[in-house]
Amino acid sequence: MRRALELARLGEGYTRPNPLVGAAVVRDGQIVGEGYHARYGGPHAEVVALQQAGANARGADLYTNLEPCCHWGKTPPCVEAILAAGIRRVVLAHRDPNPLVNGQGIAQLKKAGVEVIEGVLAEEALRLNEVFLHWIRTKTPFVVLKLALSLDGKIATRERKSQWITGEESRRFVHILRRRYAAVLVGIGTVLSDDPELTVRAVAGPQPLRVVLDSAGRIPFQARVLSPAAKTLIATTARMPENVERELTARGAEVWRFPTSSGGVDLSSLLAKLGGQGVDSVLVEGGSEVAWSFLSQGLVQKVVFFYAPVILGGRQAVPAVGGEGVGEPAAGFPVQDLVVERVGEDLLVLGYLKRPAAPS
């Protein structure tokens, strides 16, 4: 199963909105075939592993991190391939919550006489596919808030300068994150102050959709985020002038208008529309006010903070999270399952927003 999880990660960034899946065919204690879902629309992990195993699959065990599919999609059902190959036992980490599967694949295997074992390395497998599991259940993107900040919590100096607070290794890691998630989002303030391109450059991989929150149409037409290197979406409101929308469209950007909420774009409406079009994840990269908007509205699932070993100070320096803030420490946003790692000279801190307990 650990090998299946390793294989599954190789598809990161390429399978969305499909899950990450790896598979291994084991006979007499030896792996005789393995594979992973490499791209959306391509063959599933189980099929690749079975094809590699060939005749050795008959009477063997199949390990996979996700319940095999039992429906026709871009490819035929994996359950049919498993039965045709003569697999005697399937070991999986957890069920697929997709309503088209969700236990039905397991039921078909058992009905055909195949032994099924569930729950092997389930926790690791659930983390691996946290994006897919959130999207398939809610039809909204999994939101990650990423910030690069000083030890005293600043993302820019009093002169609004932020390049570069963190080191080269952390900046490269950000490109890995951009490759991992379907969209990267910033506010218009970040575009005006930093002019980011928001593309994957330091590593190979697919380009995310670039999303800019610009409720009044202030984006410069020469902004790097409008370059042809990746697709760009401008989320705006009725305040954007029609001529600005026409020019942005002519430059290749897509413009979506939304209701106004708290003076800006209604974020819940934006996420709902993105999710409905298959955007399974959003990496929020700033700025300070955008970070507060997402946090205060309960829209963040995960945080990834890069702390640089530097203190900036300054009452006018930009805090990592702006907005009104909370009045009492107890009203803050608890983060759980923290992981702390070194990335070059910086510290990477990631965790998950703790959700309020559901009413009994």
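These legends describe close-up views of a predicted model. Residues are numbered from 1 along each chain as its sequence is written, and side-chain values use heavy atoms, without hydrogens or water. Local features need pLDDT of at least 70 and side-chain atom pairs count only at pLDDT 80 or more, while totals for chains, interfaces and linings use all residues.

**View A. Helix H3 packs on helix H4.** H3 spans residues 78–85 and H4 residues 104–111. Helices are DSSP runs of H or I with at least four residues, strands runs of E with at least two, numbered from the N terminus. The axes lie 10 Å apart at an angle of about 20°. Axes are lines fitted to C-alpha atoms, for helices over the stretch in contact; angles run from 0 to 180 degrees between N-to-C directions. The two helices are therefore roughly parallel (angles under 35 degrees). Val 79, Ile 82 and Leu 83 of H3 meet Gly 105, Gln 108 and Leu 109 of H4 (contact: heavy atoms within 4.5 Å).

**View B. The peptide bond from Arg 16 to Pro 17 is cis.** Omega is near 5°. Pro 17 sits in the loop between helix H1 (2–9) and strand E1 (22–27).

**View C. A cis peptide bond leads from Gln 163 to Trp 164.** Here omega is near 0°. Trp 164 belongs to the loop between strand E7 (154–156) and helix H7 (168–180). Most peptide bonds are trans.

**View D. Lys 139 has a positive phi, near 60°.** The residue lies in the loop between helix H6 (130–138) and strand E6 (142–150). Lys 139 is partly exposed, at 40% relative accessible area. Buried means under 20%, exposed over 50%, partly exposed in between (1.4 Å probe, protein chains only).

**View E. Asp 61 and Arg 89 form a salt bridge.** The N to O distance is 2.7 Å. A salt bridge is a side-chain nitrogen of Lys or Arg within 4 Å of a carboxyl oxygen of Asp or Glu. Asp 61 is in strand E3 (residues 61–66) and Arg 89 in strand E4, 28 residues apart. Both partners, Asp 61 and Arg 89, are buried.

**View F. Asp 337 pairs with Arg 127 in a salt bridge.** Their closest N and O atoms are 2.5 Å apart. Asp 337 lies in strand E17 (residues 335–343) and Arg 127 in helix H5, so the pair ties together parts 210 residues apart in sequence. Asp 337 is partly exposed at 44% relative accessible area. Arg 127 is also partly exposed, at 36%.

Terms used. Angles under 35 degrees count as roughly parallel, over 145 as roughly antiparallel, 65 to 115 as roughly perpendicular and the rest as oblique.
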